[in-house]
Amino acid sequence: MDMERYVNLAYEMGAVDALIVEVPEIVFDHRTYLKCAWGCPEFGQLKCSPDLIKPWEAEPLLRRYRLALLIHTHRKELANEIAWEVERRAFLDGHYWAFALYDCHGCDVCAASSRQDCANPEKARPGEDFLGIDVYATVRKFGLPIEVLTHKEQRQDRYAFVFLE
Ligand code: SF4
């Protein structure tokens, strides 16, 4: 198994933590849809489009995978860059189903509701919470930090996933 190379790549790119997890260990909870649909201004953009998929449709697809890379950083942009690069390298290595999930930040404001509107379609990916992953419960299972932020100065713990095989 050559998955360690993706762990190493994530660390080389600046990850705080990077670990290969078994997909059955990832916690899904479709209540994420409630939090996305009512309360998040980004709901309905391409990166979080309920026209494309809903969490209860996404979960069975993601459960077809066996392993995922979990990436921890203190900056969303960095988590996204690492996840995208790992997906790219894994694909080129022959893991053709490799697929990254992250909070797409390709633009300051995502105005895309369709692929045609997207400014950077090759990098657009759905958010892991939008697809039904309970990020809080999942990362805590692996001993990683995450808290609800109550003011801007707090350190952020940002996560991204790459489903590998
Ligand atoms: S690349 Fe930009 S327009 Fe496309 S999904 Fe991401 S934020 Fe939205």
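Two residues are in contact if their C-beta atoms, placed from the backbone, lie within 7 Å. This is a predicted model: local features need pLDDT of at least 70, side-chain atom pairs count only at pLDDT 80 or more, and totals for chains, interfaces and linings use all residues. Residues are numbered from 1 along each chain as its sequence is written.

**View 1. Gln156 in its loop.** Gln156 sits in the loop between α5 and β4. Helices (H or I, at least four residues) and strands (E, at least two) are DSSP runs, numbered from the N terminus. Leaving aside neighbours within four places in sequence, Gln156 is in contact with His74, Arg75 and Leu149. Gln156 and Arg75 are 81 residues apart in sequence, yet 6.7 Å apart in space, C-alpha to C-alpha. A residue is buried if 20 or more other C-beta atoms lie within 10 Å of its own, exposed if 12 or fewer, and partly exposed in between. Gln156 has 13 other C-beta atoms within 10 Å, so it is partly exposed.

**View 2. The whole chain.** The chain has 5 helices and 4 strands. Along the sequence they follow the pattern α-β-α-α-β-α-β-α-β. The C-alpha atoms fill a box of roughly 40 × 35 × 30 Å, taken along the principal axes. The radius of gyration is taken over C-alpha atoms, and the globule rule is 2.2 Å times the number of residues to the power 0.38. For 165 residues, a compact globule would have a radius near 15 Å; the chain has 15 Å, which agrees. Buried residues make up 33% of the 165 residues. Of the contacts with a separation of 6 or more, 75% join residues 24 or more positions apart.

**View 3. The largest nonpolar core.** A nonpolar core is a set of buried Ala, Val, Leu, Ile, Met, Phe, Trp, Tyr and Cys residues joined through C-beta atoms within 7 Å. The largest one has 40 residues. Leu69, Ile71, Ala83, Val86, Ala160, Phe161 and Val162 have the most contacts inside it. At least two residues of this core come from each of α1 (4–12), α3 (55–62), β2 (67–73), α4 (76–92), β3 (99–101), α5 (135–141) and β4 (158–163).

**View 4. Val162 and Val86.** Val162 is found in strand β4. It counts as buried because 30 C-beta neighbours lie inside 10 Å. Beyond four places in sequence, its contacts include Leu69, Ala83, Val86 and Ala100. The C-alpha atoms of Val162 and Ala100 are 4.1 Å apart, though 62 residues separate them along the chain. Val86, beyond four places in sequence, is in contact with residues including Tyr6, Leu9 and Val162.

View 5. Pro55, Ala58 and Leu62 are buried in α3. They cover an arc of only 60° around the axis, which puts them on the same side of α3. The arc is that of the directions from the helix axis to the C-beta atoms. Trp56 and Pro60 are exposed on the other side of α3. The buried residues of α3 pack against α2 (32–37) and β4.

**View 6. The ligand shell.** 13 residues surround the ligand, and the closest are Cys104, Gly106, Cys107, Cys110 and Cys118. A residue is near a molecule if its C-beta atom, placed from the backbone, lies within 6 Å of it. The shell divides into 8 nonpolar, 3 polar and 2 charged residues. Ala, Val, Leu, Ile, Met, Phe, Trp, Tyr, Cys and Pro count as nonpolar, Asp, Glu, Lys and Arg as charged, and the others, Gly among them, as polar.
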